[in-house]
Amino acid sequence: VMGIDEAGEALYLLIVDGKREEYSKGLSFEECAKLLREIGCYNAMACDQGGSVCMYVEAMKGIINRPADNDGDERVVYTHFGIKVP
(Lines give C-alpha, C1' and ligand atoms only; values in the text may rest on other atoms or scores of the structure.)
Protein backbone atom coordinates (compact mmCIF):
# COMPACT_ATOMS: atom_id res chain seq x y z
CA VAL A 1 0.00 0.00 0.00
CA MET A 2 1.26 3.48 -0.70
CA GLY A 3 -0.23 6.80 0.31
CA ILE A 4 0.40 10.44 1.06
CA ASP A 5 -0.45 12.87 3.81
CA GLU A 6 -3.06 15.60 3.26
CA ALA A 7 -0.42 18.20 2.35
CA GLY A 8 1.15 15.87 -0.21
CA GLU A 9 4.51 16.15 1.53
CA ALA A 10 4.95 12.70 3.08
CA LEU A 11 4.88 9.34 1.34
CA TYR A 12 3.84 6.26 3.30
CA LEU A 13 4.80 2.77 2.17
CA LEU A 14 3.32 -0.26 3.89
CA ILE A 15 4.16 -3.85 3.16
CA VAL A 16 2.36 -6.70 4.84
CA ASP A 17 3.44 -10.29 4.49
CA GLY A 18 0.54 -12.53 3.58
CA LYS A 19 -1.37 -14.79 5.90
CA ARG A 20 1.11 -17.45 6.94
CA GLU A 21 0.47 -18.93 10.37
CA GLU A 22 4.20 -19.51 10.91
CA TYR A 23 5.09 -15.82 10.96
CA SER A 24 2.35 -13.39 9.85
CA LYS A 25 -1.36 -12.80 10.32
CA GLY A 26 -1.60 -10.46 7.34
CA LEU A 27 -4.00 -7.49 7.24
CA SER A 28 -7.30 -6.82 5.52
CA PHE A 29 -7.71 -3.70 3.38
CA GLU A 30 -9.75 -2.17 6.21
CA GLU A 31 -6.99 -2.90 8.75
CA CYS A 32 -4.39 -1.38 6.41
CA ALA A 33 -6.52 1.76 5.99
CA LYS A 34 -6.99 2.11 9.75
CA LEU A 35 -3.26 1.75 10.39
CA LEU A 36 -2.37 4.30 7.72
CA ARG A 37 -4.96 6.81 9.02
CA GLU A 38 -3.51 6.46 12.51
CA ILE A 39 -0.06 7.51 11.32
CA GLY A 40 -1.28 10.47 9.24
CA CYS A 41 -1.95 9.07 5.78
CA TYR A 42 -4.77 10.90 3.97
CA ASN A 43 -5.03 9.13 0.60
CA ALA A 44 -3.73 5.66 -0.27
CA MET A 45 -4.01 2.82 -2.75
CA ALA A 46 -3.33 -0.89 -2.54
CA CYS A 47 -0.87 -2.06 -5.17
CA ASP A 48 -0.75 -5.78 -4.49
CA GLN A 49 -2.53 -8.49 -2.56
CA GLY A 50 0.67 -9.18 -0.63
CA GLY A 51 1.74 -12.60 -1.85
CA SER A 52 4.71 -11.34 -3.82
CA VAL A 53 5.36 -8.14 -1.91
CA CYS A 54 9.03 -7.68 -1.23
CA MET A 55 10.75 -4.62 0.23
CA TYR A 56 14.44 -4.03 -0.34
CA VAL A 57 16.20 -1.38 1.72
CA GLU A 58 19.79 -0.75 0.71
CA ALA A 59 20.72 0.73 4.10
CA MET A 60 19.51 -2.50 5.73
CA LYS A 61 21.46 -4.56 3.20
CA GLY A 62 18.61 -6.28 1.44
CA ILE A 63 15.08 -7.59 1.68
CA ILE A 64 13.45 -6.69 4.99
CA ASN A 65 10.35 -8.88 4.88
CA ARG A 66 9.44 -12.48 4.13
CA PRO A 67 7.19 -12.80 1.07
CA ALA A 68 4.19 -15.07 1.59
CA ASP A 69 4.44 -16.80 -1.78
CA ASN A 70 7.18 -19.19 -2.82
CA ASP A 71 7.98 -20.32 0.75
CA GLY A 72 9.30 -16.90 1.73
CA ASP A 73 11.64 -16.44 -1.21
CA GLU A 74 11.46 -13.75 -3.87
CA ARG A 75 9.62 -14.60 -7.05
CA VAL A 76 9.60 -13.06 -10.48
CA VAL A 77 6.97 -10.34 -10.88
CA TYR A 78 6.13 -8.11 -13.83
CA THR A 79 5.71 -4.82 -11.99
CA HIS A 80 7.92 -2.89 -9.63
CA PHE A 81 7.69 0.35 -7.71
CA GLY A 82 10.99 1.93 -6.75
CA ILE A 83 11.99 5.00 -4.80
CA LYS A 84 15.46 6.40 -4.51
CA VAL A 85 15.92 8.86 -1.67
CA PRO A 86 19.04 11.02 -1.75
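**Close-up views of a predicted model**

View 1. Phi of lysine 61 is near 65°, a positive value in a residue other than glycine.

This is a predicted model, in which local features need pLDDT of at least 70 and side-chain atom pairs count only at pLDDT 80 or more, while totals for chains, interfaces and linings use all residues. Residues are numbered from 1 along each chain as its sequence is written, and side-chain values use heavy atoms, with hydrogens and water left out.

**View 2. Aspartate 5 in the loop between β1 (2–4) and β2 (11–13).** The side chain of aspartate 5 reaches the backbone nitrogen of glycine 8 at 2.8 Å, and that of glutamate 9 at 2.7 Å. Not counting residues up to four places away in sequence, aspartate 5 touches Ala10, Tyr12, Gly40 and Tyr42, contact meaning heavy atoms within 4.5 Å.

**View 3. Tyrosine 12 in the largest nonpolar core.** This core has 5 residues in all, Tyr12, Leu14, Cys32, Leu36 and Cys41; a nonpolar core is a set of buried Ala, Val, Leu, Ile, Met, Phe, Trp, Tyr and Cys residues joined through side-chain atoms within 4.5 Å. Leaving aside neighbours within four places in sequence, tyrosine 12 is in contact with residues including Asp5, Leu36 and Cys41.

Conventions:
Helix = DSSP H or I, 4+ residues; strand = E, 2+ residues; numbered from the N terminus. Polar contact = N/O pair within 3.5 Å; in protein donor to acceptor, adjacent residues only side chain to side chain. Buried < 20%, exposed > 50% of the residue type's maximum accessible area, 1.4 Å probe, protein only.
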